[in-house]
Amino acid sequence: MSRPQKRSFNRPQKQTGQRRGNSKANKKKLAPAKTLSGISAFQDAQGKVSVWPSERRLDAQTAVLEHLAAFFEGGRIYPEFEVKALMRAKVSLDDLPMLLGELIDREYLRHDEAAKTYWRATGRPTSLPPEPVIPEPAAPEPVKPAPVRPLTDPSDG
């Protein structure tokens with residue numbers, strides 16, 4: 001049995017070498033600022049983060065969060081006022097609590113609400129930092145009793 005021939009319905013024929021995905025002209029080019037290598041598309045002229053990437057750009061959000069987390073020293077505990085001051089120096093967005101929440105949710109920072117302190121997570125995923133070692137207080141020196149003198153009876157005299 002032979003196959004019936006396909007009808008062309010006046011469709012233009014594809015030229016060889018212009019298949020989808022094989023042509024260099026068909027590839028989308030990204031501007032250098034919007035590649036994953038940097039976050040300059042999300043910074044203002046002073047280098048502060050001024051734009052939060054959309055939900056579709058998770059890779060860009062991760063790059064911004066890694067950029068911000070790099071300003072926190074590992075092994076150091078930051079009080080809340082210092083974290084907010086550091087964030088204001090590096091971010092020009094109005095929604096700092098959202099950024100702090102993202103840093104904590106994605107485990108770049110840890111937070112102790114009771115003590116109002118933050119610290120940089122050491123690895124991803126992280127665990128809580130080890131409990132601080134508190135040295136035992138030195139035992140007080142024993143009190144030496146005063147030497148006992150024999151009682152003398154005044155009537156022995």
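**Helix packing and salt bridges**

Q: How many residues apart are Lys84 and Glu80 in helix 2 (residues 80-90), given that about one helical turn separates them?
A: The model is predicted, so local features need pLDDT of at least 70 and side-chain atom pairs count only at pLDDT 80 or more, whereas totals for chains, interfaces and linings use all residues. Residues are numbered from 1 along each chain as its sequence is written, and side-chain values use heavy atoms, with hydrogens and water left out. Helices are DSSP runs (H or I, at least four residues), numbered from the N terminus. Within helix 2, the separation of Lys84 and Glu80 is 4 residues.

Q: What is the N to O distance in the salt bridge of Lys84 and Glu80?
A: A salt bridge requires a side-chain nitrogen of Lys or Arg within 4 Å of a carboxyl oxygen of Asp or Glu. The side chains of Lys84 and Glu80 meet in such a bridge, with an N to O distance of 4.0 Å.

Q: Is Lys84 buried, exposed or partly exposed?
A: Buried means under 20% relative accessible area, exposed means over 50%, and partly exposed lies in between (1.4 Å probe, protein chains only). The relative accessibility of Lys84 is 35%. Lys84 therefore counts as partly exposed.

Q: How many salt bridges does a search of the whole structure find?
A: One of them joins Arg106 to Glu102, whose closest N and O atoms are 3.1 Å apart. Shared partners also link Glu73, Arg76 and Glu82 into one network. The search of the whole structure gives a total of 4.

Q: Is helix 1 roughly parallel or roughly perpendicular to helix 3?
A: Axes are lines fitted to C-alpha atoms, for helices over the stretch in contact, and angles run from 0 to 180 degrees between N-to-C directions. Helix 1 (residues 58-69) and helix 3 (residues 96-105) pack at about 90°, with axes 10 Å apart. Angles under 35 degrees count as roughly parallel, over 145 as roughly antiparallel, 65 to 115 as roughly perpendicular and the rest as oblique. Helix 1 is therefore, relative to helix 3, roughly perpendicular.

Q: Which residues of helix 3 make the contact with helix 1?
A: Contact means heavy atoms within 4.5 Å. Helix 1 contributes Leu65, Leu68 and Ala69. Helix 3 contributes Leu99, Glu102 and Leu103.

Notes
Helix = DSSP H or I, 4+ residues; strand = E, 2+ residues; numbered from the N terminus.
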